[in-house]
Amino acid sequence: MIVGITTTLNPDDGFERVNTEYIDCVFRAGAVPVLLPPVTPCAADSLRTAHTMLDGLDALILSGGGDIEPSIYGAARAWEQTSDVYPARDALELALAREAYARDMPCLGVCRGTQVVNVALGGTLAQDVRAAGLTDVCHRQEPPYTTATHRVLVERESLLERVFACDGDGANGANGTVGAMGTVQMQRRSIGTFQTERAAGARGIWNVPIEQSVPIEQATDSACPLRLDVNSMHHQAVGRVADALRVAARAEDGVIEAVEAPDRSFYLAVQWHPEYLPDHMPLFYALVAAAAAARDAKL
């Protein structure tokens with residue numbers, strides 16, 4: 001399996017870069033990572049480049065980074081907090097996100113990647129969660145990023161829930177908390193292989209082998225959703241959700257923390273940075289497993 005990872009420009013030295021944690025997670029999940037740098041801000045050229053890039057890939061990761069140019073989703077720059085806009089990256093990633101959706105290619109968005117898929121499919125953004133009045137909570141933590149700083153509530157019946165909440169026999173075990181934030185008492189349970197049906201209109205099924213244990217807080221309320229302890233490095237967030245997407249998780253303050261496309265096999269984006277959190281490896285295992293299933297279906 002070959003997984004493409006988009007890069008971000010470091011303006012201080014002119015290098016395109018990506019956090020090595022992405023590379024490590026993809027390799028640990030059983031795939032080969034390759035980097036996808038932008039080459040031009042021209043939308044037409046970026047579309048052709050995106051087509052060529054995806055032709056050689058089995059899955060896509062839209063990595064974190066700076067802000068998207070607001071005019072792309074019909075807004076002006078409302079606050080000075082909007083920064084680190086890189087037109088060439090916007091052009092390529094929007095093209096990649098649209099084409100991956102059109103092809104039903106497995107795609108995982110991370111932080112900025114959540115915003116990219118929403119804008120690519122017609123949604124909008126809140127340019128700054130506090131300035132826009134969405135929350136008084138700061139969603140941009142200082143290092144270390146391996147530390148969880150807040151909790152998100154996962155929507156029932158979502159792909160995100162199925163990735164994290166399963167028992168070894170394949171049954172959904174959605175009650176509990178993944179992560180170890182504060183003084184929550186945790187226990188470990190092994191997670192085996194589970195099988196998830198693709199949404200209506202998509203094809204086939206995929207099996208996800210997860211060869212690790214995930215800490216789970218046993219919930220006492222059977223109606224309680226899965227809760228994930230996450231890190232947080234964003235100041236923007238999804239505004240109006242694109243018609244093709246649905247909300248998969250929210251922070252406790254109501255900010256949207258994950259979106260997914262219910263009519264695709266694996267098109268999921270999370271606002272946090274799972275590459276820094278060992279307990280969130282299931283996202284990368286599931287991405288690679290979905291890519292393997294898609295490849296097998298073509299044989």
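Which residues does Ser46 touch, not counting residues up to four places away in sequence? I looked this up first. Ser46 touches Thr40, Ala91, Leu92 and Ala95, where a contact means heavy atoms within 4.5 Å. Ser46 lies in helix α2. I found Ser46 buried, with a relative accessible area of 1%. My classes are buried for under 20% relative accessible area, exposed for over 50%, and partly exposed in between, with a 1.4 Å probe and protein chains only.

**Ground rules**

I am working with a predicted model, in which local features need pLDDT of at least 70, side-chain atom pairs count only at pLDDT 80 or more, and totals for chains, interfaces and linings use all residues. Residues are numbered from 1 along each chain as its sequence is written, and side-chain values use heavy atoms, with hydrogens and water left out.

**Confidence**

I checked pLDDT, the predictor's confidence in each residue on a scale from 0 to 100. The chain mean is 80, and 74% of the residues reach 70 or more. Residues 167-175 have pLDDT below 50, and in the model this stretch has 27 contacts beyond near neighbours in sequence. Residues 180-223 are also below 50, with 129 contacts beyond near neighbours in sequence. Where pLDDT is low, the predicted coordinates should not be read in detail.

**Whole chain**

I listed the secondary structure next. The chain has 6 helices and 18 strands. These are DSSP runs, numbered from the N terminus: helices are H or I with at least four residues, strands are E with at least two. Of the 299 residues, 55% are buried. Among contacts with a separation of 6 or more, 73% join residues 24 or more positions apart. The chain exposes about 12,500 Å², and carbon and sulfur atoms supply 51% of that area. Areas come from the Shrake-Rupley method with a 1.4 Å probe; for residues, only the protein chains shown count as cover.

**Cores**

How many residues does the largest nonpolar core have? I get 40. A nonpolar core here is a set of buried Ala, Val, Leu, Ile, Met, Phe, Trp, Tyr and Cys residues joined through side-chain atoms within 4.5 Å. Those with the most contacts inside this core include Val3, Ile61, Leu160 and Trp272. Helix α6 (residues 282-298) gives the most to this core, with 8 residues. I then took Leu160 by itself. Leaving aside neighbours within four places in sequence, its contacts include Val154, Leu228, Ala248, Trp272 and Leu283.

**Helix α6**

Is α6 mostly covered or mostly open? It is mostly covered, with 12 of its 17 residues buried. Among the buried ones are Pro282, Leu283, Phe284 and Tyr285.

Val288 lies in α6. Val288 is buried, at 8% relative accessible area. Val288 touches Met1, Val3, Ala29, Gly30 and Ala31, not counting residues up to four places away in sequence. I also noted the C-alpha atoms of Val288 and Phe27, which are 9.8 Å apart, although 261 residues separate the two along the chain.

**Salt bridges**

I counted 11 salt bridges. The rule is a side-chain nitrogen of Lys or Arg within 4 Å of a carboxyl oxygen of Asp or Glu.

Arg48 and Asp45 meet in one of them, at 2.1 Å from N to O. The two are 3 residues apart in helix α2 (residues 43-55), so they are separated by about one helical turn. Arg48 is exposed at 51% relative accessible area. Asp45 is partly exposed at 28%.

Asp58 bridges to Arg295, with the closest N and O atoms 2.7 Å apart. Asp58 lies in the loop between α2 and β5 (59-62) and Arg295 in helix α6, so the pair ties together parts 237 residues apart in sequence. Asp58 counts as buried at 13% relative accessibility. Arg295 is partly exposed at 35%.

Asp229 bridges to Arg151, again with closest N and O atoms 2.7 Å apart. Asp229 is in strand β14 (residues 227-230) and Arg151 in strand β8 (residues 150-154), 78 residues apart. Both are buried.

My last entry is a network of salt bridges that links Arg89, Asp90, Glu93 and Arg112.
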